[in-house]
Amino acid sequence: MENSVTQDGIATVLSNQSLDSSSVRPEIVVQVVDLKPVGNRYTFNANDGNMKMKAMLPATLTCEIISGKIQNLGLVRLLDYTVNDIPGKSEEKYMLITKCEAVASALDSEIKAEIKASTGITLKPKQEFVAKSASQIINEQRGNAAPAARMAMTRRVHPLVSLNPYQGSWTIRVRVTNKGVMRTYNNARGEGCVFNVELTDEEGTQIQATMFNAAARKFYDRFEMGKVYYISRGSLKLANKQFKTVQNDYEMTLNENSEVEEASNEEMFTPEIKFNFVPIDELGTYVNQKDLIDVIGVVQCVSPTMSIRRKNDNEMIPKRDITLADESKNTVVVSLWNDLATGIGQELLDMADNHPVIAIKSLKVGDFQGVSLSTISRSNVVINPDSPEAKKLKSWYDAEGKETSMSAIGSGMSSSANNGSRSMYSDRVFLSHITSNPSLGEEKPVFFSIRAYISFIKPDQTMWYRACKTCNKKVTEAMDSGYWCEGCQKKDQECSLRYIMAVKVSDSTGETWFSAFNDEAEKIIGCTADELNNLKSEEGEVNEFQTKLKETTWSSHLFRISVSQQEYNSEKRQRITVRGVSPIDFAAETRLLLQDISKKKTSQ
């Protein structure tokens, strides 16, 4: 039997679009015409020789296109799809394809009705079959199925990737992979309650579903962690990027009329875990952001379990740190908490000598020791995953990685503190952003990161103060001898000098003065205040003190700064204080510039 595209296949699809959701959609073969990317998906015109119809492929098939299995002017068999109206053009339709397979590579030209018979590409039918109606097929399937499975066949389950706000009725089968707590709120409309769940289907696609007030009270007890449900009669809208916790363009809302039915044991499934890995050397841009990231790495070392007291309720919770490395030759510390620390963490400790590869989904990026990762309640750890990324990483480590010198990703960034410290690659601005906004920091200090040069240090300023060696507070000379510390309430024969100085900094947009204290000033000057004082006291033709300050100028640094308002002579002025200083990491700076260029291209 000779076949090319299915004759009048598009017309058949349009004539069957009124079928209910339980009906079987006819499988048709069409030619891919005008294949092009739109966002993270691809669109094309489905051509049967007589008619064309707009169609969209799911993001899961992008790899098929990149690999060349699905080609422009090639043939594909559509196995599962839905037909929807184009918003604002009710007379036009498009197909949202959820499952298809390539059957032929690109033809020489577009198939047209008048030449279809002579140029069609022959392909063997999948199997010999007798034409049957949709109802006959359904009835046969129901008759052969177990009683519990027959009920599932009365509905057509849609994968999450196929859902959109313009779609009509749908039913999804999903597992609850995270359940939030019931929260109350009070706004202009009055008081209310809300909670949300994260749902994952069999293909690993996730979506967040939110319920308010009556719906929240109705479904809160019904949804249980880990159970599988059939859900229908919900609504979708574009996800609010500020609050979304899963990778999906849409978010779901369930109301009182939505249907939630627990699946039977025969209908249970384990979701496929999908990862979107971030290389370790690119983690700096995610520090203290709301985005959760996935990471893959080779286990370098595993710590014993430790107990940490939680601040809000003083409860002791288990924690375990593991160090991961990847092909960027960087390492990062991942903190496993609660059951992950005692369960998988112990398993990793037992096999640490073999340096397994692990993939972790949904990690929070913090700024402890510059950059650190931490698991949360929805995090998932997979040991030695069967994936191309894991195999490639393991091959690299066995061949050269184990002998390579690694560096911690956080070594070039500021450490965590209570002064607004974050990665040197977050909140990056130019000096003009601060100097042109004199009202910055009026209500509370604001924090930024800046790359700039030290352009001038006044040599005759008061650059340090006498400090107590115990508490670092300022001391005064005692009546007889030594120094008195008011903080420690004691006298000591010796004291230390600590920096308190002003430095002028410059970048391509302007210049201004920074206030720098001891630890930060030591990194700028390159020596302690006591050492610089000794240079100042030396006599001779060459003034080592002046030379040291001259060497410091026009050196480039990364600064973490705070901007606040200070009143002086009844006039408010900006006070810019250095909170952290790091040397330039030129590789990281290049990545930051490339990201900025990419963002600007996207916005255009």
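**Ground rules.** The model is predicted, so I note that local features need pLDDT of at least 70 and side-chain atom pairs count only at pLDDT 80 or more, while totals for chains, interfaces and linings use all residues. Numbering starts from 1 along each chain as its sequence is written, and side-chain values use heavy atoms, with hydrogens and water left out.

**Overview.** I looked up the secondary structure and got 14 helices and 29 strands; helices (H or I, at least four residues) and strands (E, at least two) are DSSP runs, numbered from the N terminus. How much of the chain is buried? Of its 604 residues, 42% count as buried (under 20% relative accessible area; exposed is over 50%, partly exposed in between; 1.4 Å probe, protein chains only). I also checked contacts (heavy atoms within 4.5 Å): with a separation of 6 or more, 63% are between residues 24 or more positions apart.

**Strand S6.** I went to residues 171–179 next. Seven of the nine residues of S6 are buried, so the strand is largely enclosed by the rest of the structure. For pairing I use the DSSP rule (at least two bridges between two strands). S6 runs antiparallel to S10 (residues 228–232), joined by five bridges, with Val174 opposite Tyr229. Four bridges tie S6 to S8 (residues 190–200), again antiparallel, and here Val176 faces Leu199.

**Strand S14.** Residues 293–302 are mostly covered, with eight of 10 buried. S14 has five bridges to S18 (residues 357–366), antiparallel, and Ile296 is partnered by Ala359. With S16 (residues 316–325) I find four bridges, also antiparallel; Cys301 has Thr323 as its partner there.

**Pro279.** Where does Pro279 sit? I find Pro279 in the loop between S13 (259–262) and S14. Pro279 is partly exposed, at 32% relative accessible area. I checked Pro279 against Ile296: they are 17 residues apart along the chain, and their C-alpha atoms are separated by 7.8 Å.

**Cores.** In soluble globular proteins, nonpolar side chains tend to be buried together. I looked for nonpolar cores here (sets of buried Ala, Val, Leu, Ile, Met, Phe, Trp, Tyr and Cys joined through side-chain atoms within 4.5 Å). The largest has 32 residues, and Ile434, Tyr499, Met501, Phe514, Leu532, Phe559 and Ile561 touch the most other members. Strand S26 (residues 496–507) supplies the largest share of this core, five residues. A second, separate core has 25 residues, among them Leu283, Val299, Ile360 and Val381.

I then followed Ile434. Leaving aside neighbours within four places in sequence, Ile434 contacts Val429, Leu440, Phe448, Ile450, Ile561, Val563, Gln574 and Ile576.

**Cavity.** One cavity of 30 Å³ or more turned up. The largest cavity has a volume of about 50 Å³, volume being the space filled by probe spheres set on the points.

Which strand gives the most to its lining? That is S25, with three residues; S24 (483–485) and S25 (490–492) each supply at least two. The lining includes Tyr483, Cys485, Lys490, Lys491 and Asp492. By class I count six nonpolar, no polar and five charged residues (Ala, Val, Leu, Ile, Met, Phe, Trp, Tyr, Cys and Pro are nonpolar; Asp, Glu, Lys and Arg charged; the others, Gly among them, polar).

How values were computed
1 Å grid on protein atoms, 1.4 Å probe; cavity = no way out; pocket = protein on both sides within 12 Å on 5 of 7 lines; lining within 4 Å.
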